Amino acid sequence: MKFRCLLALVTIMLITLVAFAETFPSRPVQIIVPWSAGGATDVLFRAVASVFPKYANGQPLVINNIPGAGAVTGVMEFLKAKPDGYTLFSLATPIITKIHWSDVKFTVDDFVPIINIVNDPSYILVRADSPYKTLSDLIEAAKNNPETITMGNGGAGGGNHLVAVAFEDFVGIQFIHVPFNGGAPAITALVGGHVDAVMAAAPEGVSNVQSGQLRVLAVLGASRLSVFPDVPTSVELGYDFRLGMWRGVAAPKGTPSEIVETLHDIFYKCINDPEFLSKAKELGSVISYMNSVEFFNFVRRQNQFWENLMKNKKLGEKYGK
């Protein structure tokens, strides 16, 4: 009798899970991007959104840009969401760095990693008419004139800001760091001549480089980017410095595992869709898939890396006091 009851219970659970998989999502899914429209994370997820309905019962992925306070405004809105799979978050490097830069009211444990999509090496952009023609030119000028070269970024305590800080420490120079409310405004400022350079990552500035407005001095990684095949890497130039921006999807804490699994499968199909892959190539993005478990472990390693870096160097509002 007990066995029959158990068998019946298991059967009901299986039927429920199958029914869930077939019906979820049954309405639009939103993903919060805590930066301005046009920035790297925003553009990436708009490319994902273009194919999302194919694999999500026809339901759209709605991009909800909530910029402000170095991504904190968007995170705080995300923390209010129900753990039902219908409100997601664009988890990226700057969120982890912000945790250790400022006294924020969230930690890495407030995010349930679903899938990582890209891991893009950062690069240094200057205007096409900049006097700095090579990476060595920029470094030499910064050494001869400390704290005179302005380096823009997408936000204080954000990923590319911290990459720039790590880079200047690596080569023994100092920039004047100029934060903007997202990558797109930083690029706009560079085009307008308001800063000398910008630390960015794909797809930020790609179209500006292709149109001849901006120039890339170096890609801070081991491999050249297909979108910039003639631009050398930092490793090629003798600087073994490799850092960049990863971007993935997270759900609210408490989201059921079956929802996480279903969302993972939807996004996995999206990032393997030929249409998305074509757009990712145009953007210069480097696909770096990690499943939920791999992404979970990776995020925690990143959390420890940035915590150690900022504590050791006494950086930011949190550890620089």
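A pocket here is an open set of grid points with protein on both sides within 12 Å along at least five of seven lines. The model shown in these views is predicted.

**View 1. The largest pocket and the residues around its centre.** The volume of this pocket is about 240 Å³. Its lining is made up of 17 residues, and N119, P121, R242, L243 and G244 are those nearest the centre. By class, the lining residues are 8 nonpolar, 6 polar and 3 charged.

**View 2. Elements and domains that line the largest pocket.** Two or more lining residues come from each of β4 (111-127), β9 (244-252) and α12 (292-313). Strand β4 gives the most, with 3 residues. Both domain 1 (29-119 + 244-313) and domain 2 (120-237) supply at least three residues to the lining.

**View 3. Pairing of strands β4 and β8.** The strand that gives the most residues to the pocket lining, β4, runs antiparallel to β8, and 5 bridges join the two. In one of these pairings, V126 has R215 of β8 as its bridge partner. Strand β8 spans residues 214-219 and is mostly covered, with 5 of its 6 residues buried.

**View 4. Helix α2, a mostly covered element.** The buried positions in α2 are A40, T41, D42, L44, F45, A47, V48 and A49.

Methods
Residues are numbered from 1 along each chain as its sequence is written. This is a predicted model: local features need pLDDT of at least 70, side-chain atom pairs count only at pLDDT 80 or more; totals for chains, interfaces and linings use all residues. Side-chain values use heavy atoms; hydrogens and water are left out. Buried means under 20% relative accessible area, exposed over 50%, partly exposed in between (1.4 Å probe, protein chains only). Helices (H or I, at least four residues) and strands (E, at least two) are DSSP runs, numbered from the N terminus. On a 1 Å grid over the protein atoms alone, a cavity is a set of points where a 1.4 Å probe fits but cannot get out, and a pocket is an open set with protein on both sides within 12 Å along at least five of seven lines; lining residues have an atom within 4 Å of a point. Grid points are joined across faces, edges and corners, and a volume is the space filled by probe spheres set on the points. Ala, Val, Leu, Ile, Met, Phe, Trp, Tyr, Cys and Pro count as nonpolar, Asp, Glu, Lys and Arg as charged, and the others, Gly among them, as polar. Domain bounds come from an automatic or database domain assignment. Two strands pair if DSSP finds at least two bridges between them.
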